[in-house]
Every structure is written in C-alpha cells, then in structure tokens.
Amino acid sequence: MKLFAHSLLTLCAVLAAGAAQAAPVVHTTDFINNAQRTQFNSFESIPNDGSMYTGSGAYTEGGISVQQINPSPYGIWVTYNPGGRDGNRAWYPNGGDSGYTSLSLSSGLDFGDVGFVIGSGNYSHTLAYFELWDDGALVLSGSVAHGTSFHYLGFEGGGFDTILLRDGVAGRSLHDGTHNALAIDAIEIRASQQVPEPASMALTALGLASLGVLRRKTQA
C-alpha cells in the first residue's frame, strides 16, 4: 500500500514538473485554422471618434481584452493600416508611445493557442518583443523579426494568462521605455487546445493517489 501511494505521489510530482517546464511554441506563420477559432478580436466594434479610440482602460471584443500600457496621449489610431489586415479597424498608438500592449482574456483564464498579426509604424523598428506571463511569473520572452507590414505571431500550448508586446530596434527590451510603434489586429484563440494549470494537474494526481490509498485500506 505504501509503495502504491508513493508511486502515485511521484506521478503527481512528475506531471506538475512536466507541465511547468513545457514552454509555449512560438509561431511566425498562421497555425490556427479559421474554422477552429473559439474567440476572435479584430477591433471591428471598437468605438471610433473620427479615426481614434479615446476611451480609457482596456478594450474587449470576443472575450479578448487589449490594453495600452503607458499609452500615447493621442489615442489609438483604429484605422491605421501598415499594409494588409482584417476588416476596417486595428490597434495602434497614434504617433507611437513609450509603453507596450497587453493582451488577456476577460474571463481571467489562461490562453490556449493564440495568434495575431502585428506591424509597425516605424520603419527602423526591426524587432517585435514579447513576454508571456502566468500569475505574475514570466513564462517566456523573446523577439521576432519585424517590419512595417502586418505579419503573423502566435503561441501554441497555453500556460500563460497575459501577453505583453512592443517593437523597437536591436538591443532593447520590452520595458526600456524607448519608442514603441506596434500595431496589432486579428487576435484569434483556439481554446480547445488549452492545457490545465500545473497546480490543477498536481491536485488531480494527488486526489487519485489519496483515492487509491483509501480503496486499499477499505479492501484490507
């Protein structure tokens, strides 16, 4: 009985460690079929004051919330178009800013598979920087090649609840306060691929271990 319980508790630890170590996969080409989308935000319902969105706080559409951190005083230029996009709206800090864009789900849950298109309003910005966070802990950070026309960026595997994005030149970081001119559009989610939280997996395995021990005691 002790060996049985020990084996299941070991499995619990392995499952939790394995989930915690599995980093999301970065994609630079569209890996989510449109028919598989479970949530989508293309900013088509965003309030438009002329060509700007001057509302405060986050904008939410399709259960996906977008917020500009340290925003431009000139608002979000919703009709900005750096070469191809979805529909008539996008998210771009007019004139750029010194901050970054934050993505999250309005439900507060972790992302599953997620992708979007990004472009730049500054031709000298050759990199797009990203950070993935979960419950205040950094999961993954990096950068991809970047330019003025929209191109795809996505993350497969889940395990994070916040995405931070900005662009810039080489040698910078996401939080350095230098000029950011990132535009974003067509945010898509495939929630069916969402993975359980590591803590949830551990608790499930622990519950199975406890149940097994109890059953052995009952049968003894």
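## Close-ups of a predicted model

View 1. Tyr59 has Val66 in β5 as its bridge partner. Strands here are DSSP runs of E with at least two residues, helices are runs of H or I with at least four, and both are numbered from the N terminus. Three bridges tie β4 to β5, and the two run antiparallel. Strands count as paired if DSSP finds at least two bridges between them. Two residues sit between β4 and β5 in this hairpin, and Gly62 in the turn has a positive phi of about 65°.

A word on the model itself: it is predicted, so local features need pLDDT of at least 70 and side-chain atom pairs count only at pLDDT 80 or more, while totals for chains, interfaces and linings use all residues. Residues are numbered from 1 along each chain as its sequence is written, and side-chain values use heavy atoms, with hydrogens and water left out.

**View 2. The whole chain, before zooming in again.** The protein chain has two helices and 13 strands. Of its 220 residues, 42% count as buried, where buried means under 20% relative accessible area, exposed means over 50%, and partly exposed is in between (1.4 Å probe, protein chains only). Contact means heavy atoms within 4.5 Å. Looking at contacts with a separation of 6 or more, 76% are between residues 24 or more positions apart. The chain exposes about 10,500 Å², with carbon and sulfur atoms supplying 56% of that; these areas come from the Shrake-Rupley method with a 1.4 Å probe, and for residues only the protein chains shown count as cover.

**View 3. The six-stranded sheet.** Follow the open sheet across and you meet its six strands in the order β4-β5-β7-β12-β9-β10, with antiparallel pairing. β4 (59-61) and β10 (137-145) are at the edges with a single partner strand each, so one side of each has no neighbour in the sheet. On average, neighbouring strands of this sheet are turned by 20° against each other, direction ignored. Those angles are taken between N-to-C directions and run from 0 to 180 degrees, using axes that are lines fitted to C-alpha atoms (for helices, over the stretch in contact).

**View 4. β7 and its two partners.** β7 is mostly covered, with five of its six residues buried. β5 (residues 64-69) pairs with β7 (residues 100-105) in the antiparallel sense over six bridges.

**View 5. The five-stranded sheet.** Here the open sheet runs β1-β11-β8-β13-β2, and its pairing is antiparallel. β1 (25-27) and β2 are the edge strands, each with a single partner, so one side of each is left without a neighbour in the sheet. Neighbouring strands are turned by 20° against each other on average, direction ignored. Inside this sheet, β8 (residues 113-120) and β11 (residues 151-156) run antiparallel and are joined by five bridges. Phe116 stands opposite Leu153 in β11.

**View 6. Asn41, tucked into β2.** Asn41 lies in strand β2 (residues 39-41). It counts as buried because its relative accessibility is 0%. What does the side chain of Asn41 reach at 3.0 Å? That would be the backbone oxygen of Ile64. Leaving out residues up to four places away in sequence, Asn41 touches Tyr59, Glu61, Ile64, Val66, Ala186 and Ile187.

**View 7. The nonpolar cores.** A nonpolar core is a set of buried Ala, Val, Leu, Ile, Met, Phe, Trp, Tyr and Cys residues joined through side-chain atoms within 4.5 Å. The largest one has 29 residues, and Phe116 and Ile163 have the most contacts inside it. Its largest share, four residues, comes from β13. Setting aside neighbours within four places in sequence, Ile163 is in contact with residues including Thr101, Leu103, Phe111, Phe116 and Phe155. A second, separate core has 11 residues, among them Phe31, Ala90, Phe150 and Ala183.

Key
A polar contact is a pair of N or O atoms within 3.5 Å; within protein, one must be able to donate a hydrogen and the other to accept it, and residues adjacent in sequence count only if both atoms are side-chain atoms.
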